[in-house]
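The structure comes first, then the contacts.

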Amino acid sequence: ETVTVFAAASLKTALDEIAAGYSARMGDDVTVSFAGSSALARQIQAGAPADVFISANTDWMDRLEAEGRIAAGTRSDLLGNSIVLIAHGEVPATDDIAAALAQGRIAMALVEAVPAGIYGKAALTHMGLWDRVQTRVIQADNVRAALAFVALGEAPRGIVYATDAAVEPRVSVLATFPPDSHPPIVYPAALTADAGPEAAAFLDYLKGPEARAVFDRLGFSGPGD
Amino acid sequence: MLSVALRHRQGEFTLDVGFEAPPGITVLFGRSGSGKTTIVNAVAGLLTPDAGRIAVGDSVLLDTETGLRLPPHRRRLGYVFQEGRLFPHLTVRQNLFYGRLFAPRGVAAEDPDRVIEMLGIGPLLSRRPGLLSGGEKQRVAIGRALLAAPRLILADEPLAALDEARKAEILPYFERLRDEVSVPILYVSHSAAEVARLATTIVALDAGRITRQGPAGEVLSDPMVLPTGIRAAGAVIEAKVVSHHDDGITELEAGGVPIYLPQVPQAPGQVIRLRIAAQEVLLAREAPRGLSALNVIPGVIDRVRTGDGPGALVSLRTPAGPVLARVTRRSVETLGLAEGVTCHAIVKSVGIAPQDVGRARALSSD
Amino acid sequence: MLSVALRHRQGEFTLDVGFEAPPGITVLFGRSGSGKTTIVNAVAGLLTPDAGRIAVGDSVLLDTETGLRLPPHRRRLGYVFQEGRLFPHLTVRQNLFYGRLFAPRGVAAEDPDRVIEMLGIGPLLSRRPGLLSGGEKQRVAIGRALLAAPRLILADEPLAALDEARKAEILPYFERLRDEVSVPILYVSHSAAEVARLATTIVALDAGRITRQGPAGEVLSDPMVLPTGIRAAGAVIEAKVVSHHDDGITELEAGGVPIYLPQVPQAPGQVIRLRIAAQEVLLAREAPRGLSALNVIPGVIDRVRTGDGPGALVSLRTPAGPVLARVTRRSVETLGLAEGVTCHAIVKSVGIAPQDVGRARALSSD
Amino acid sequence: MAWLGPEEWSAVALSLRVSTWAMLVSLPLGVLTAYALARWRFPGKQLLNGLVHLPLILPPVVTGYLLLLGFGTQGPIGRALEKIGITFAFHWTGAALAAGIMAFPLMVRAIRLSIEAVDPRLEQAAATLGAPKPWVFVTVTLPMILPGILAGAILAFAKAMGEFGATITFVSNIPGQTRTIPSAIYAFLQVPGGEGPAMRLVVVSVVVAMAALLASEAISTRVARRVAGT
Amino acid sequence: MAWLGPEEWSAVALSLRVSTWAMLVSLPLGVLTAYALARWRFPGKQLLNGLVHLPLILPPVVTGYLLLLGFGTQGPIGRALEKIGITFAFHWTGAALAAGIMAFPLMVRAIRLSIEAVDPRLEQAAATLGAPKPWVFVTVTLPMILPGILAGAILAFAKAMGEFGATITFVSNIPGQTRTIPSAIYAFLQVPGGEGPAMRLVVVSVVVAMAALLASEAISTRVARRVAGT
Ligand SMILES: Nc1ncnc2c1ncn2[C@@H]1O[C@H](COP(=O)(O)OP(=O)(O)OP(=O)(O)O)[C@@H](O)[C@H]1O
Ligand SMILES: Nc1ncnc2c1ncn2[C@@H]1O[C@H](COP(=O)(O)OP(=O)(O)OP(=O)(O)O)[C@@H](O)[C@H]1O
Ligand code: MOO
Ligand SMILES: [Mg+2]
Ligand SMILES: [Mg+2]
């Protein structure tokens, strides 16, 4: 009666809390393995004992779906998020993203590889800023590490998820990138092909109000927002 | 009985030998680089010769014709190495009993207590080799080889790394080995004194070939067998202990000639062998009087050999056995020494070095 | 002139010595464990003694009272170690010139060509130490120490690791050092033959204390100074080369007494020193005739010492110098040997071992 | 250490288990490999040498990925082993495998050096006393290289305590099963405010590994003295 | 190797530069540390020993994070060095620093062992010939430990070629500046279908590091023979 969840590492705070609530309510244990979406997806390809997969990224979910690794009809977009421009320390918000990025290093997740970086690059490209700032971008292997660069003041600006910015007191949000400047940011969730019945209950719980409350509190938006 | 026939090339050096080693100590004798260690290693199986056959009694250890080659651990030989090669992580006791672990059951091995007593290593048993003196180490190494119940003992210059005092301490143990233990011994040495004292049989080597082999008494009294230089020349005689005198002198008798030595440990009636170095012997035409030398052996000159140098080597036949004397060419002329001349060999009693007084058995057993 | 005063405890052992080393070779002589290496290491600065003062000429190397302690590299001493300690990664040439790099400018150093020639190491210069024989290694080590322009040479049993042939090969180099190079040498040995041949001054040690010190001639002819056993007893005499005869015999003369030796290399007129081992000497009351011994030295008995054993040590005063003879107590009685008795010391010419024929200077310079 | 939560304790316990097994199981193989590299001559020796060093050279993620391909439930080796009841995939044993492989080059190097320092003439002496090769190894070589084995083992243990990249890539980060201290640290670092617990785990990890290292230095010295025969 | 794109070539070139500098710059310090650990007695020796081993024990991410705290533009050491014109942050030099530190324990261990094998009596002999301590070291100790230094250096180079976690955490992944082979591999592995280019880089990395290792074994043997004086 243990449900094993493979989830993108950035969901740790939320899922730890939700899993604890679920166990208390339903009696089933929930074990969550947090790692990068790509590592988790490969492990599921290799037959990992995961019941539920929550990716930070549609590409890897698409790949698993195409390979028949997830249970048909169980995939849905669980959460949405937005990316924001942040600054080190107390800096007032601004509408002028171009001016805010005029100088200094910009910390992002890997812009070709990690979802938050991919979205950020798309937004900057859309706004015609990418070519100008490209050489000042420093890329971290995950979005948390990018956040850390800004929090420590190593980079004055950074692009991270709104949910990350919300909980780091050493940074302030300058602006939120408009949703149309990048592909929709969604966290698709699905049952794996050989998930047990309890897993479906947990996936439902994730979509239910108790879980929703936790996600909302931590700044995640609904999938359609 | 060990029989060896070997051909082997290594680098510039070619070994080509064949010999048999009867019971007792067979000494391989020859200058550095003459191939002694190569032979011993081939017998031990640590080196595979190009061609050859090695057998101990009925068991063939190596036969390159039939392709037979027993690995070292199945040869049952006790190898005493020059540097001891004791196992540093084991106690003396564990070193001693190491070979026992592997000795075939039912093989008559030496009694450990007897070996330990014989080698005087009882007090060392629980110590580790690292803190033993060089002489103690070699005694343990001998014991270790013996207790492995070997069919043959190999000893490659077991005394070479020791100083004179240590050598003198170990030599008697090899004598006891020769006389009290039935295992044949192949012993490498380039010390004439060691050879004279220990050898039953001598195999003299030079540049990979055997120059002379035979019973020790014969080979040693041939003044031409001197691979390590003329200064080592000497003859070996056998003498029986007659009595111990009060003033610390032991009287012996060799072929009816009395011989006086400072006290030797053997009891009256026992036979011991003496090496009389040629350079310790004076010759006189007339029996000398009023001289501090106690030993005067009458004899007839057999042969006088002179070379380019100022020295000459004179062989005498005496009732006590062959005796060699090294004198100057000038004395040969002055005294008129020549074949057939009667004269007296004068040996100071103390001129017989203690390491040259050995226990006999070897010579008499040929 | 080296002056040494030391007190040092290590473990059970206490060293307490004071001596001076005049020019020439000062030999520290004593049995194993008597503290020789400890002294040499203290002089070299490799060990700091509990208390003491060491000075070479005017320069103080160590003075524990004033707290002065020169580090080893500022002492300018050439240390020849027992095991050579050549730098394996350098060629012989680089080894030789190593110390030169650090020698102060303006200090008169030995001429390298002369040193290389003297030690006979010219052909080795571009080789590496790993492939040298033991004797070659030690010659290079001597050269290396010499070329560092040292104020003093220290040699700790430089021959102990060598076999007899190698020893004989190296000894003459130390003699040349003593005679041709002005640097004083502190030399450790426990070989009586080495001491007799090399020493200008002897410091005899026992258990950390000096038992006797003084000029070599005096100390060596005292039969009680025998730290390494009575068999090593002997006397040293000086003789001048008179002429080389055609039959390979060299005639010498010592205090008017003719001495015959197999050919020695020195030219007529040169003075050499001979060690006559006590056990090589026979005594006769009357001048013997018809004997193959060439050397008969008349003398008067000085002293007869007997102990518990069968032997006796007789000191003679002769025109050639003091001579010791080791005979049996029985001969002492039979021949009536006693103080004041006139008798003849008979030494076979070949009884003077070649390694005991040295070049003189040491004795005559005291 | 009341300041560690149950999740952290579980990671510490798991890491100790994983590292200990990684060390113990790879030890015989490490000794064998080191012996082969030090003493034998065989074709492909340099290849073996290269292979042993591979985990040192490859980014750990790649090693983990290759392990996943080979030892996963779908991998050829994984499937073969599954049949005889051995599972590595997503199991603590897999974490031990990953840690063991990453630490292997260090272990082999340490042991190899100690074997090269053993005088082969002592092994010859043992053979002349009648000891067959395996016995020579057990009674002579092995006791003499104990300090090196010890050093290699502890080094491997310490390295295993710190292994992260290959482990998380191969066996994921499953609490109680494959979430070792480094994986837990990683997870904590993903969480706002997680630096505190992460640093506590770092301290535990460092203390354990240091204690092991210092103990090994001390024991090595003592054993070395014993082996020197004094 | 036409099958590597310009971006990949740039990663390869950078990795070579980073690893070479990491190796060269840490070498003197590695020798000094190894010498101190092998030959000196001083208070805190075991602490130094522990410190040297730390990068082996810590998860690389933690090492990278600690480097960032210390050597970043805001870190105390980073700021001090900035004043004298030395920058590590987000610069290839920082990648070299990270790689050098991660490889340091391996280098020190190899060199330390070789120093312990040098007979101190040869050093004494040099002193009696008038050589002051530093000269003794340069003319006697150093030449004799060359094989060990070489082994340590190449091992460090190989390790530096594979270093990822500490590097990316400390200096991130800036193409042409800090994007080493492992960073590039990591990036490729994050996207579906990236395995191909990733494996191409793995091959390059392995070939380079193997070549270095094999060369070092060969040179070591030769130098060792020379140092043995034969
Ligand atoms: N491994 C080898 N390769 C080539 N030549 C060798 C080898 N081992 C020994 N030799 C040569 O073989 C010859 C005989 O060597 P061996 O060791 O048997 O002599 P030895 O009589 O034991 O000498 P020593 O008295 O010095 O011990 C020598 O010329 C030596 O240089
Ligand atoms: N490091 C040490 N610690 C304690 N005792 C020592 C030490 N080194 C030497 N000794 C002791 O000091 C004494 C003198 O030793 P030393 O080496 O000076 O003797 P030696 O006369 O040179 O002997 P040998 O002729 O054997 O070389 C010996 O009893 C020895 O055991
Ligand atoms: O948590 Mo992620 O792995 O941002 O993609
Ligand atoms: Mg030999
Ligand atoms: Mg000494």
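A polar side-chain atom of C:Thr38 sits 2.4 Å from an oxygen atom of ligand 2. The model behind this value is predicted. The protein buries 57% of the 640 Å² that ligand 2 exposes when taken alone.

Backbone atoms also take part at this site. C:Gly35 places a backbone N or O atom 2.9 Å from an oxygen atom of ligand 2. For C:Ser34, a polar backbone atom is 3.2 Å from an oxygen atom of ligand 2.

The residues surrounding ligand 2 include C:Gln10, C:Phe13, C:Arg31, C:Glu157 and C:His190. Also among them is the run C:Ser32, C:Gly33, C:Ser34, C:Gly35, C:Lys36, C:Thr37 and C:Thr38. Helix H1 (residues 36–44) of chain C gives the most to this shell, with three residues. By class, the shell around ligand 2 holds one nonpolar, eight polar and three charged residues.

| Residue | Atom on the protein side | Atom on the ligand side | Distance |
|---|---|---|---|
| B:Thr37 | polar side-chain atom | oxygen atom of ligand 1 | 2.6 Å |
| B:Lys36 | side-chain N or O atom | oxygen atom of ligand 1 | 2.8 Å |
| B:Ser34 | polar backbone atom | oxygen atom of ligand 1 | 3.2 Å |

On its own, ligand 1 has 640 Å² of accessible area, and the protein covers 56% of that.

Next, the helix pairs. Two packed helices are described by the angle between their axes and by the distance between those axes.

In chain B, the axes of helix H3 (residues 112–119) and helix H4 (residues 134–147) come within 10 Å and cross at roughly 155°. H3(B) is therefore roughly antiparallel to H4(B). The crossing of H3(B) past H4(B) is right-handed.

In chain D, the axes of helix H2 (residues 45–57) and helix H5 (residues 92–116) come within 6 Å. These axes cross at roughly 130°, so H2(D) is oblique to H5(D). H2(D) passes H5(D) in a left-handed crossing.

Definitions and conventions
Residues numbered from 1 in each chain as written. Chains lettered and ligands numbered in written order. Predicted model: local features only at pLDDT ≥ 70, side-chain atom pairs only at ≥ 80, totals over all residues. Heavy atoms only, no water. Polar contact = N/O pair within 3.5 Å; in protein donor to acceptor, adjacent residues only side chain to side chain. Areas by Shrake-Rupley, 256 points an atom, 1.4 Å probe, with all protein chains shown as cover. Axes fitted to C-alpha atoms, helices over the stretch in contact; angles between N-to-C directions. Helix = DSSP H or I, 4+ residues; strand = E, 2+ residues; numbered from the N terminus. Parallel < 35°, antiparallel > 145°, perpendicular 65-115°, else oblique. Left-handed = near helix turned anticlockwise from the far one by under 90°. Near = heavy atom within 4 Å. Nonpolar A, V, L, I, M, F, W, Y, C, P; charged D, E, K, R; others polar.
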